[in-house]
Amino acid sequence: MGRSLGLLLEAVRTVSREGQNTSRTKLKEAGLVLPRDFRLAGLLPPSFTDEDIKESASQTRDVLKQHFNDLKGTLGKLLDERLVTLLQEVDAIEQETIKPLDDCQKLIEHGVHTAEDLVQEGEIAILGGVGEQNEKLWNFTKKASHIQLDSLPEVPLLVDVPCLSAQLDDSILNIVKDHIFKHGTVASRPPVQIEELIEKPGGIIVRWCKVDDDFIAQDYRLQFRKCTSNHFEDVYVGSETEFIVLHIDPNVDYQFRVCARGDGRQEWSPWSVPQMGHSTLVPHEWTAGFEGYSLSSRRNIALRNDSESSGVLYSSAPTYFCGQTLTFRVETVGQPDRRDSIGVCAEKQNGYDSLQRDQAVCISTNGAVFVNGKEMTNQLPAVTSGSTVTFDIEAVTLGSTNNNEGGNFKLRVTISSNNREVVFDWLLDQSCGSLYFGCSFFYPGWKVLVF
């Protein structure tokens, strides 16, 4: 008991120097296994200082001010646009209804002027001589007979004459006020935090957990960035609480943060406290220049092309070490062949069409498992698009064993695929500090990601 407590305290001190991941590793080496929900951080001094709290408070103030200023500007613009629309409606109704009245008024005024001119012409005819008078009276009579002074245009009824008014509902103020008073919240801590960062070759596994038991999460959103960048980018959105971020450069610091969306809600929660991590492990890469395969820019994805060339595509170096997990993810599939293989080997051996040979362990696309070229009785499910195949290898014997066993170096291998696994011992002729990985496909279309 005293030794275990001492180891635990030593691990706690290690956390303060090297981080939580290292502490879990040291505890595991010491034979102490912590439950997933155990927080070593709770035993340590707070990682947040007064300056961190002040900085987050200052950032929150800035976000609130900016948001409400934007909101006021948007609301003002919307109100102005609505006012312009209503004023245009008033102008249109005014022009449409006043035109008949204007036309009527102009017609009446024209008739009055015509009548005045006719009366004046009649008075002149009366004042003239007899002969001249008769001619003028005849012209007057003729003109008067063609003018309809007794007809007037139709005047609209009083009930048909518009009377404009604005219909405004003051209840909108209460509705808007209610929404404004409920708009926005200030959270003292986010409902989800990053729990663990685990380095992988060319990647980092990020695990997170809820810290608010009352919060029901529907989805999570993970972002990351290089510490030298000012911009976070989305890398995962979904319901899982673990994700491996790939394309991580070795010995480069990255920041990770996560948030959650509550059940039935659209908005995301506040972001978790950003956590920094990096990977010191060399990324796994396929060997470039092999005629039968096309590689991605980072050389971690291999695509079997249409070339008739066959053979095993190996890793560029023996970058897999015992105690790690080697993962192959099949992105796309082609036509399967029983000679196909995905696995690891002690050394590169050219001239073979498959890893189904001595000094290698592999799985075929039909799920058959081969150890040193011999097919095992146990079999895994067939490999399909999206399948993940993992290899976990641990050294069992570091020294010489009975030569009757056919080898002097024993490794315990666990191959997992589609929620099933096989475990067996692999005997090698000599000890290997690291292993190569490889794959072989006889038909095009197979694409494999390694990490």
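Select Trp-286, Phe-328, Val-344, Phe-391, Ile-415, Phe-424 and Trp-426: of the 36 residues in the largest nonpolar core, these touch the most other members. A nonpolar core here is a set of buried Ala, Val, Leu, Ile, Met, Phe, Trp, Tyr and Cys residues joined through side-chain atoms within 4.5 Å. Buried means under 20% relative accessible area, exposed over 50%, and partly exposed in between (1.4 Å probe, protein chains only). Another core, of 17 residues, lies apart from that one; colour Val-192, Tyr-220, Tyr-236 and Val-258, which are among its members. In soluble globular proteins, nonpolar side chains tend to be buried together.

This is a predicted model, in which local features need pLDDT of at least 70, side-chain atom pairs count only at pLDDT 80 or more, and totals for chains, interfaces and linings use all residues. Residues are numbered from 1 along each chain as its sequence is written, and side-chain values use heavy atoms, with hydrogens and water left out.

**The open sheet**

Switch to cartoon. Six strands form an open sheet, in the order S10-S19-S12-S13-S14-S15, with antiparallel pairing. Helices (H or I, at least four residues) and strands (E, at least two) are DSSP runs, numbered from the N terminus. Two strands pair if DSSP finds at least two bridges between them. Which strands are at the edges? Pick S10 (313–314) and S15 (374–379); each pairs on one side only. Zoom in on Tyr-314: its bridge partner in S19 is Gly-438.

**The second largest pocket**

Show the surface around Leu-79, Arg-82, Leu-86, Gln-167 and Leu-168. Of the 20 residues that line the second largest pocket, these lie nearest its centre. The volume of this pocket is about 880 Å³. On a 1 Å grid over the protein atoms alone, a pocket is an open set of points where a 1.4 Å probe fits, with protein on both sides within 12 Å along at least five of seven lines; lining residues have an atom within 4 Å of a point. Grid points are joined across faces, edges and corners, and the volume is the space filled by probe spheres set on the points.

Next, select helix H3 (50–127) and helix H5 (171–182), the elements that give two or more residues to this lining. H3 provides the largest share, ten residues. Colour the lining by class: 14 residues are nonpolar, two polar and four charged. Ala, Val, Leu, Ile, Met, Phe, Trp, Tyr, Cys and Pro count as nonpolar, Asp, Glu, Lys and Arg as charged, and the others, Gly among them, as polar.

**Salt bridges**

How many salt bridges does the structure hold? There are eleven. Each is a side-chain nitrogen of Lys or Arg within 4 Å of a carboxyl oxygen of Asp or Glu.

- Show Asp-234 and Arg-221, whose side chains meet at 2.9 Å, N to O. Asp-234 lies in strand S4 (residues 233–238) and Arg-221 in strand S3 (residues 217–226), so the pair ties together parts 13 residues apart in sequence. Asp-234 is partly exposed, at 42%.
- Show Lys-226 and Asp-249, a salt bridge of 3.2 Å, N to O. Lys-226 is in S3 and Asp-249 in the loop between S5 (242–246) and S6 (254–262), 23 residues apart. Lys-226 is partly exposed at 34%; Asp-249 is partly exposed at 21%.
- Show Arg-412 and Asp-425, paired at 2.8 Å, N to O. Arg-412 sits in S17 (residues 409–417) and Asp-425 in S18 (residues 420–428), 13 residues apart.
- Show Glu-196, Arg-207 and Glu-242, linked in a network of salt bridges.

**Loops**

Most residues other than glycine have a negative phi. Go to Asn-251, in the loop between S5 and S6. Its phi is positive, near 60°. Asn-251 is exposed, at 56% relative accessibility. Then jump to Asn-418, in the loop between S17 and S18. Here phi is also positive, about 50°. Asn-418 is partly exposed, at 33%.

Last stop: His-278, in the loop between S7 (275–277) and S8 (293–295). Draw a distance to Ile-204: the C-alpha atoms are separated by 7.3 Å, with the two residues 74 apart along the chain. His-278 is partly exposed, at 38%.
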